[in-house]
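Hi,

Here is the structure I said I would pass on. Have a look first, and my notes follow below.

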Amino acid sequence: MKIVMLGAPGAGKGTQAKMIAAKYSIPHISTGDIFRANIKNGTELGKKAKTYMDQGALVPDELTLELIMDRFKQDDCKNGYVLDGFPRTIPQAEALTKALAAEGDKLDYAVNVEVPDENIVNRMSGRRACLSCGGTYHVVYNPPKSEGVCDACGGGLVLRDDDKPETVAKRLEVYHTQTQPLIEYYAGEKILKEVDGTKDVADVFADITAILA
Ligand code: AP5
């Protein structure tokens with residue numbers, strides 16, 4: 001099963017993608033997590049990506065495409081994947097469609113997690129992220145068992161650099177201009193599914209699994 005998660009920053013794509021990956025035994029591929037791991041490890045890619053991410057801008061398509069096409073070659077992608085944060089622009093979506101078509105393949109679902117902008121800033125300011133494994137929590141809506149510690153790997157939890165309110169506003173603007181057009185793109189491909197992301201985490205997941213069943 002090959003799934004793309006769509007939605008604004010903070011809509012809950014990562015939260016749901018991790019649950020989908022666990023239920024269907026497919027890898028969760030988050031370009032944001034891959035960039036953050038590169039930043040943490042001080043790689044050249046990480047240094048380049050950080051300059052864009054800290055401003056709430058997108059990393060250029062050529063860097064992102066090279067990274068993701070390499071990731072698809074790994075063995076764990078044979079039975080599919082859930083993509084979170086990619087594609088994020090029409091050129092990225094077209095490159096993905098083309099790469100899959102070259103293998104006689106296609107995506108199965110594009111799941112749009114719909115959350116209005118006014119809910120987003122609140123979610124972002126309460127988010128705590130694990131930079132070791134990509135785990136995501138919320139101090140109120142989805143707290144870890146032990147404050148400041150990742151349930152999955154025991155890593156420390158931090159407020160992401162790009163979750164400051166002024167950067168979130170920029171990310172939302174970038175989302176509406178560059179990423180939201182993907183909803184129409186995947187509607188045209190006849191694989192778009194919409195879910196209400198304002199519900200509780202478990203209820204959103206139940207709605208998604210009903211679609212994927
Ligand atoms: P990325 O990491 O992909 O960030 P994003 O798309 O902005 O998404 P987020 O991770 O912020 O949010 P999410 O929807 O996953 O929400 P989450 O589940 O955490 O990208 C970061 C940056 O990297 C980009 O700005 C860009 O610079 C660069 N980048 C990445 N991919 C790129 C690409 N393809 N091309 C170019 N540049 C790229 O949930 C948010 C919070 O809400 C959490 O605290 C969570 O616990 C809570 N929550 C989740 N669901 C619920 C719920 N139902 N109710 C209440 N709270 C909830």
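**What lines the ligand**

The shell around the ligand splits into 13 nonpolar, 13 polar and 10 charged residues. Keep in mind as you read that this is a predicted model.

In total, 36 residues surround the ligand, and the closest are Thr15, Ala57, Arg88, Arg127 and Arg171. As for where the shell comes from, at least two of its residues are supplied by each of α1 (13-24), α2 (31-40), α6 (117-126) and β6 (136-138). Which of the elements gives the largest share of the shell? That's α2, with 4 residues.

**Backbone contacts**

At Gly14, a backbone N or O atom sits 2.8 Å from an oxygen atom of the ligand. On its own the ligand has 1,000 Å² of accessible area, and the protein covers 97% of that.

**A helix pair**

Back to α1, which contributes to the shell and also packs against another helix, α9 (residues 201-212). How far apart are the axes of α1 and α9? They're 10 Å apart, and the helices pack at an angle of about 50°. The crossing of the two, α1 and α9, is right-handed.

Cheers

Conventions:
Residues numbered from 1 in each chain as written. Predicted model: local features only at pLDDT ≥ 70, side-chain atom pairs only at ≥ 80, totals over all residues. Heavy atoms only, no water. Near = heavy atom within 4 Å. Polar contact = N/O pair within 3.5 Å; in protein donor to acceptor, adjacent residues only side chain to side chain. Areas by Shrake-Rupley, 256 points an atom, 1.4 Å probe, with all protein chains shown as cover. Nonpolar A, V, L, I, M, F, W, Y, C, P; charged D, E, K, R; others polar. Axes fitted to C-alpha atoms, helices over the stretch in contact; angles between N-to-C directions. Left-handed = near helix turned anticlockwise from the far one by under 90°.
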